[in-house]
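Colleague: I have just been handed a model that is new to me, and I would like to learn how to read its features one at a time. Could we go through it together, with the general idea before each case?

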Amino acid sequence: MKFRITVLCDNSVGPISGTLGEHGFAALVEHEGGTVLFDTGQGNTLLHNAQRMNRDLRKVGKVVLSHGHYDHTGGLWPLLQACGGKEVYAHPAVFARRYAVRDRERSQSIGIPYGEEFLRGQGAAFNLSRVFREIEPDIFLTGEVPRTTPYEQGDTGLFCDDAGCISDHLPDDQSLILRTARGLVLLLGCCHAGIINTIELAREKTGITELYAVIGGSHLGFCSQAQLDETIKALRVSGVQKICGSHCTGFAASARLAKEFPGHYHPAQVGYTLEV
């Protein structure tokens with residue numbers, strides 16, 4: 001084993017007794033050189049689930065935030081309180097104002113719940129960048145993902161203002177790439193940039209075409225049927241061996257993926273672990 005990936009926060013839980021679910025995502029990446037925490041969930045379950053699964057978050061050397069939504073960043077403050085200061089990798093736009101407006105309902109603030117100055121005061125050492133970079137041996141951050149795939153239009157209910165006038169295209173959305181002996185493993189937060197856009201960037205930047213697994217949220221539960229159909233076609237061509245859906249993938253899209261990729265689709269609930 002070179003990497004062990006464990007889902008700590010997700011909307012639903014697996015068979016591990018006493019673990020809790022919440023609308024959010026976090027995954028622990030343990031490797032020979034250390035431990036990286038990818039996202040932190042909302043903040044209600046991260047510490048509890050880690051304890052139930054005997055994962056010591058004090059060993060986390062680096063925290064990565066996939067984007068600035070509350071359900072991926074809310075656990076940062078509890079983590080800092082419990083485990084001390086951490087280096088936090090994110091995009092400079094992670095603190096941008098964020099709102100969701102759906103079905104003509106009142107807008108809801110969905111951005112990171114704490115300000116940068118406050119989190120720095122709690123021990124967060126932010127390492128902010130827009131570009132692709134290697135943060136540990138064989139562990140990369142995509143940085144901003146170019147939106148080149150025409151059918152990956154994303155979630156139309158997200159905005160930069162509470163009036164719902166300025167669409168939020170989430171330029172800060174980024175994913176983690178692990179370079180393994182079996183090929184690339186992509187760890188996704190919500191993948192607002194599109195799973196196919198993200199796969200293409202990972203292959204381009206690493207020079208590796210083999211794709212072993214994608215794990216995490218795909219936001220296909222909030223996208224159009226046309227985008228889901230085209231994404232499935234592209235995933236089939238990609239040769240990916242494991243599709244491990246979490247969080248915003250949604251029940252309907254997960255069921256469709258399980259049908260289209262029998263034996264290759266796995267629900268990545270709290271407690272799901274992949275060793276590679």
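Colleague: In which sense do strand S1 and S2 pair, and over how many bridges?

Modeller: Please keep in mind from the start that this is a predicted model. As a general idea, strands of a sheet pair through backbone hydrogen bonds, either parallel or antiparallel. Here strand S1 (residues 3–9) and S2 pair in the antiparallel sense, and six bridges connect them. To find the place by eye, look for Thr6, which stands opposite Leu28 in S2.

Colleague: How many residues of strand S2 are buried?

Modeller: Strand S2 (residues 26–31) is mostly covered, with six of its six residues buried. Ala26, Leu28 and Glu30 point one way from the strand, while Ala27, Val29 and His31 point the other way, and all of them are buried.

Colleague: With which strands does S15 pair, and in which sense?

Modeller: S14 and S15 pair in the parallel sense over five bridges, and the bridge partner of Ile215 in S15 is Cys244. Strand S15 (residues 242–246) also pairs in the parallel sense with S16, over three bridges, where Gly245 stands opposite Pro267 in S16. As for covering, five of the five residues of S15 are buried. Both faces are covered, with Lys242, Cys244 and Ser246 on one side and Ile243 and Gly245 on the other.

Colleague: How do the axes of H5 and helix H6 cross?

Modeller: The axes of H5 and helix H6 (residues 225–238) come within 10 Å and cross at roughly 30°. Angles under 35 degrees count as roughly parallel, so H5 is roughly parallel to H6. On the H5 side the contact is made by Ile195, Ile196, Ile199 and Arg203, and on the H6 side by Thr231, Ala234, Leu235 and Ser238. Sorted by class, this contact of H5 with H6 has five nonpolar, two polar and one charged residues.

Colleague: How many aromatic pairs does the structure hold, and how should I read one?

Modeller: The structure holds five aromatic pairs, and each is read from the distance between ring centres and the angle between ring planes, where planes over 60 degrees apart count as edge-to-face. The rings of Trp77 and Phe118 have centres 5.0 Å apart and planes at 80°, so this pair is edge-to-face. The pair links distant parts of the chain, with Trp77 in helix H3 (residues 76–83) and Phe118 in helix H4 (residues 116–121), 41 residues apart. Trp77 is partly exposed, at a relative accessible area of 25%, and Phe118 is partly exposed as well, at 33%. Ring pairs also link Trp77, Tyr114 and Phe118 into a cluster.

Colleague: What are the distance and the angle for the pair of Phe95 and Phe126, and are these residues buried or partly exposed?

Modeller: Phe95 and Phe126 form an edge-to-face pair, 5.3 Å centre to centre with 75° between the planes. Phe95 lies in the loop between strand S5 (86–90) and strand S6 (99–100), and Phe126 in strand S8 (residues 124–128), so the pair ties together parts that are 31 residues apart in sequence. The cut-off for buried is under 20% relative accessible area, so Phe126 at 11% counts as buried, whereas Phe95 at 22% counts as partly exposed.

Key:
Residues numbered from 1 in each chain as written. Predicted model: local features only at pLDDT ≥ 70, side-chain atom pairs only at ≥ 80, totals over all residues. Heavy atoms only, no water. Pairing = 2+ DSSP bridges. Helix = DSSP H or I, 4+ residues; strand = E, 2+ residues; numbered from the N terminus. Axes fitted to C-alpha atoms, helices over the stretch in contact; angles between N-to-C directions. Parallel < 35°, antiparallel > 145°, perpendicular 65-115°, else oblique. Contact = heavy atoms within 4.5 Å. Nonpolar A, V, L, I, M, F, W, Y, C, P; charged D, E, K, R; others polar. Phe/Tyr/Trp six-rings, centres within 6.5 Å; stacked < 30°, edge-to-face > 60°. Buried < 20%, exposed > 50% of the residue type's maximum accessible area, 1.4 Å probe, protein only.
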